[in-house]
Amino acid sequence: MSLTPTTDANELESVIELESGVRSYSRSWPVVFDRALGATLYTEEGSEYLDFFAGAGTLNYGHNNPVLKKALLEYLSSDKIVHSLDMLSTARRDFLTTFAEKILRPRGLDHKVMFPGPGGANAVEGALKLARKITGREAVVSFTNAFHGMTLGALSVTGNSMKRGGAGIPLVHATPMPYDDYFDGDVSDFMYFERLLEDAGSGLNEPAAVIVETVQGEGGMNTARIEWLRALAELCKRHEILLILDDIQMGCGRTGSFFSFEEAGIVPDMICLSKSISGYGLPLALTLVRPELDVFEPGEHNGTFRGFAPAFVTGAEAIRTFWADDTLQRSTAEKGAQVESKLNELTARYPDAGLIAKGRGLARGLQFGDAEKAGEVCREAFNRGLILETSGPLDEVAKFLPPLTITEDELNRGLAIFDEAVTAVLAEA
């Protein structure tokens with residue numbers, strides 16, 4: 001069967017039947033997309049949708065960014081290396097030197113770069129495996145409502161029960177602790193962890209590492225306070241526990257600074273990056289490791305797609321284009337404040353709806369007291385030409401992840417559509 005664009009409902013249904021039932025996003029947005037540019041997706045029929053999803057944070061610089069596209073096309077048209085395992089190549093060299101000179105060194109970081117595979121879960125698996133090798137310990141501490149990926153190791157440190165249930169086997173050697181504000185402002189959420197570490201009768205195995213997100217995107221846009229992150233880093237140092245910072249969705253400028261932990265002034269032992277690190281939506285993942293922890297033997301952790309050359313090209317170009325100065329960082333902060341203002345306005349307008357504005361930078365969310373309302377709002381927004389997803393353990397949060405390069409006009413239009421969608425749902429309540 002041809003998969004050329006078609007508007008015929010019967011043919012579309014027959015194509016859908018070819019795919020596994022595990023598909024999800026196509027159920028939320030039941031149209032056939034054909035083109036994309038910047039912050040806009042176009043269906044095969046020509047309908048336009050503002051994209052406040054951005055590939056779940058993979059497209060921080062928008063769809064088909066012209067600068068990155070030019071670099072990619074020039075590279076491919078010159079018959080350059082596309083696949084080379086971890087052999088040296090000009091593209092690999094350019095990415096590594098650019099990343100070190102423009103991102104790591106200006107931030108006082110000297111981490112080694114490991115390419116663990118094509119996706120974020122690969123970066124997490126590499127970090128967990130390395131932490132256990134270094135310390136000789138098995139246990140890893142994660143946090144309530146965390147999400148770190150769908151492979152078995154990453155699932156073991158993920159909180160969502162539905163996703164964990166898909167593993168089919170016990171997910172062991174990981175212990176969840178309360179994330180910041182899990183007890184609604186009670187400081188005991190952090191003291192609980194420290195008390196268990198110090199109590200010989202707690203039953204907590206000595207952890208190899210702690211893995212944490214500064215903002216839990218999939219977990220419901222829960223945001224850790226700067227003070228909490230600093231205290232966690234200090235606790236790990238006191239107890240000789242490695243700190244793994246999962247910046248897969250919140251890195252690459254999503255919260256403002258390139259790394260989401262910069263504001264806290266902490267230095268994680270390992271940092272996981274993926275999603276927008278290639279800049280163009282191409283698969284690429286990094287596990288950054290402090291030099292003294294770089295103890296894998298050659299080939300001890302490898303994979304066929306552990307360094308995709310076209311992603312090196314667009315990733316290096318994205319760094320040169322958007323991180324030569326603080327222009328994008330300041331713009332992200334300003335646009336994030338604009339989104340926050342709209343969400344606060346809605347919470348004030350509907351005081352009985354249990355609305356809570358959440359997030360940092362251009363990672364924002366509106367939590368609904370009635371979880372089903374979040375899904376209804378996202379459907380209303382889609383019907384009006386805006387793509388949003390939900391997050392949280394009950395899908396109770398309408399989640400904003402627009403491209404960082406979104407224009408003021410596009411942002412205003414998207415917020416106006418969201419306002420209309422919220423009104424349409426809550427006015428009927």
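**View 1. Helix α5 packs against helix α12.** Helix α5 covers residues 90-104. The two axes lie 8 Å apart, at an angle of about 30°. That makes α5 roughly parallel to α12, a label for angles under 35 degrees. Here α5 passes α12 in a left-handed crossing; left-handed means that the near helix is turned anticlockwise from the far one by less than a right angle, and right-handed means clockwise. From α5, the contact takes A91, R92, D94, F95, T98, F99, K102 and I103. From α12 come A309, F312, V313, G315, A316, I319 and R320. Contact means heavy atoms within 4.5 Å. By class, this contact holds nine nonpolar, two polar and four charged residues. (Nonpolar: Ala, Val, Leu, Ile, Met, Phe, Trp, Tyr, Cys and Pro; charged: Asp, Glu, Lys and Arg; polar: the others, Gly among them.)

The model is predicted: local features need pLDDT of at least 70, side-chain atom pairs count only at pLDDT 80 or more, and totals for chains, interfaces and linings use all residues. Residues are numbered from 1 along each chain as its sequence is written, and side-chain values use heavy atoms, with hydrogens and water left out.

**View 2. Helix α4 crosses helix α12.** Residues 66-77 form α4, and residues 309-322 form α12. Their axes come within 9 Å and cross at roughly 145°. Axes are lines fitted to C-alpha atoms, for helices over the stretch in contact, and angles run from 0 to 180 degrees between N-to-C directions. This crossing is right-handed. On α4, the residues are V67, L68, A71, L72, Y75 and L76. They meet A309, P310, V313, T314, E317, A318 and T321 of α12. Ten residues of this contact are nonpolar, two are polar and one is charged.

**View 3. Helix α13 runs beside helix α15, roughly parallel.** α13 spans residues 327-349 and α15 spans 408-426. Their axes are 11 Å apart, at about 15°. The crossing is right-handed. K335, Q338, V339, K342, L343, E345, L346 and R349 represent α13 in the contact. E408, L411, N412, L415, F418, D419, V422 and T423 represent α15. Seven of these residues are nonpolar, three polar and six charged.

**View 4. The largest pocket holds about 1,300 Å³ of space.** (On a 1 Å grid over the protein atoms alone, a pocket is an open set of points where a 1.4 Å probe fits, with protein on both sides within 12 Å along at least five of seven lines; lining residues have an atom within 4 Å of a point.) Its lining has 47 residues. Y25, F147, K163, E218 and E389 lie nearest the centre. The lining divides into 20 nonpolar, 18 polar and nine charged residues. Helix α14 gives the most, with four residues.

Methods
Points joined across faces, edges and corners; volume = space filled by probe spheres on them. Helix = DSSP H or I, 4+ residues; strand = E, 2+ residues; numbered from the N terminus. Parallel < 35°, antiparallel > 145°, perpendicular 65-115°, else oblique.
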